Amino acid sequence: MPIAEISVIPVGTPTISISNYVAEAVKVVDRSGLKYRVSPMGTSVEGEVTVIFEIVRQMHEICFAKGAQRVVTTVILDDRRDKAATMESKIKSVSEKAGLEIG
């Protein structure tokens, strides 16, 4: 299953805080029905590539709709096709190899 980490950074906003814009972008993901996890620096999602790209577009656009004058959006996409992967399986693999309880 493709996994993406998405980060929207609105700039040109009235205040230095952007959490209200980010919250609106996360609502877009929540409404999508995709499995997701919010982290301090982005939101990870699992889903089909075409759906992920549509979610990215909507997250980017909602920031403009809320008044941002500029938005920087980054996407890291892991589309592994040799075996199934999930957010949990990736964390578990690193956790086991590191001998640490991660996540």
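Which residues form a nonpolar patch on the surface? In this predicted model, the patch consists of Ile 9, Val 11 and Val 72, which together have about 190 Å² of accessible area. The protein chain contains 3 helices and 4 strands, and along the sequence these follow the pattern β-α-β-β-α-β-α.

**Overall form**

- The C-alpha atoms of the protein chain fill a box of roughly 45 × 30 × 20 Å along the principal axes.
- Of the 103 residues in the protein chain, 31% are buried.
- The protein chain exposes about 6700 Å², of which carbon and sulfur atoms supply 57%.
- Among contacts between residues at least 6 apart in sequence, 69% join residues at least 24 apart.

**Surface patch**

- Val 11, one of the patch residues, is found in strand E1.
- Val 11 counts as partly exposed, at 30% relative accessibility.

**Helix H2**

- Helix H2 spans residues 49-65, a total of 17 residues, and reaches 24 Å from its first C-alpha to its last, close to the 24 Å expected at 1.5 Å a residue.
- The buried residues in H2 are Ile 52, Ile 55, Val 56, Met 59, Ile 62 and Cys 63.
- Seen down the axis of H2, these buried residues fall within an arc of 130 degrees, so they line one face of the helix.
- The cover over the buried residues of H2 includes strand E1 (3-11), helix H1 (19-32), strand E3 (42-46) and strand E4 (70-78).
- Thr 50 and Ala 65 are exposed residues on the face of H2 turned away from its buried side.
- After H2 comes Gly 67, which has a positive phi, near 115 degrees.

**Salt bridges**

- The structure holds 9 salt bridges.
- Within helix H2, Arg 57 and Glu 54 lie 3 residues apart, about one turn of the helix, and their side chains meet in a salt bridge (2.6 Å, N to O).
- Both partners are partly exposed, Arg 57 with a relative accessible area of 45% and Glu 54 with 31%.
- Asp 78 forms a salt bridge with Lys 90, and their closest N and O atoms are 2.5 Å apart.
- This pair links distant parts of the chain, with Asp 78 in strand E4 and Lys 90 in helix H3 (residues 87-98), 12 residues apart.
- Asp 78 is partly exposed, with a relative accessible area of 28%, and Lys 90 is also partly exposed, with 36%.
- In helix H3, Glu 96 and Lys 92 are 4 residues apart and form a salt bridge whose closest N and O atoms are 3.8 Å apart.
- Both Glu 96 and Lys 92 are exposed.
- Salt bridges that share partners join Glu 24, Lys 27 and Lys 66 into one network.

Conventions. Residues are numbered from 1 along each chain as its sequence is written. This is a predicted model: local features need pLDDT of at least 70, side-chain atom pairs count only at pLDDT 80 or more; totals for chains, interfaces and linings use all residues. Side-chain values use heavy atoms; hydrogens and water are left out. Helices (H or I, at least four residues) and strands (E, at least two) are DSSP runs, numbered from the N terminus. The expected span of a helix is 1.5 Å times one less than its number of residues. Buried means under 20% relative accessible area, exposed over 50%, partly exposed in between (1.4 Å probe, protein chains only). The arc is that of the directions from the helix axis to the C-beta atoms. Contact means heavy atoms within 4.5 Å. Patches are made of residues with over 30% relative accessible area and no salt bridge: like charges are joined within 9 Å, nonpolar side chains (Val, Leu, Ile, Met, Phe, Trp, Tyr) within 5 Å. Accessible areas come from the Shrake-Rupley method with a 1.4 Å probe; for residues, only the protein chains shown count as cover. A salt bridge is a side-chain nitrogen of Lys or Arg within 4 Å of a carboxyl oxygen of Asp or Glu.
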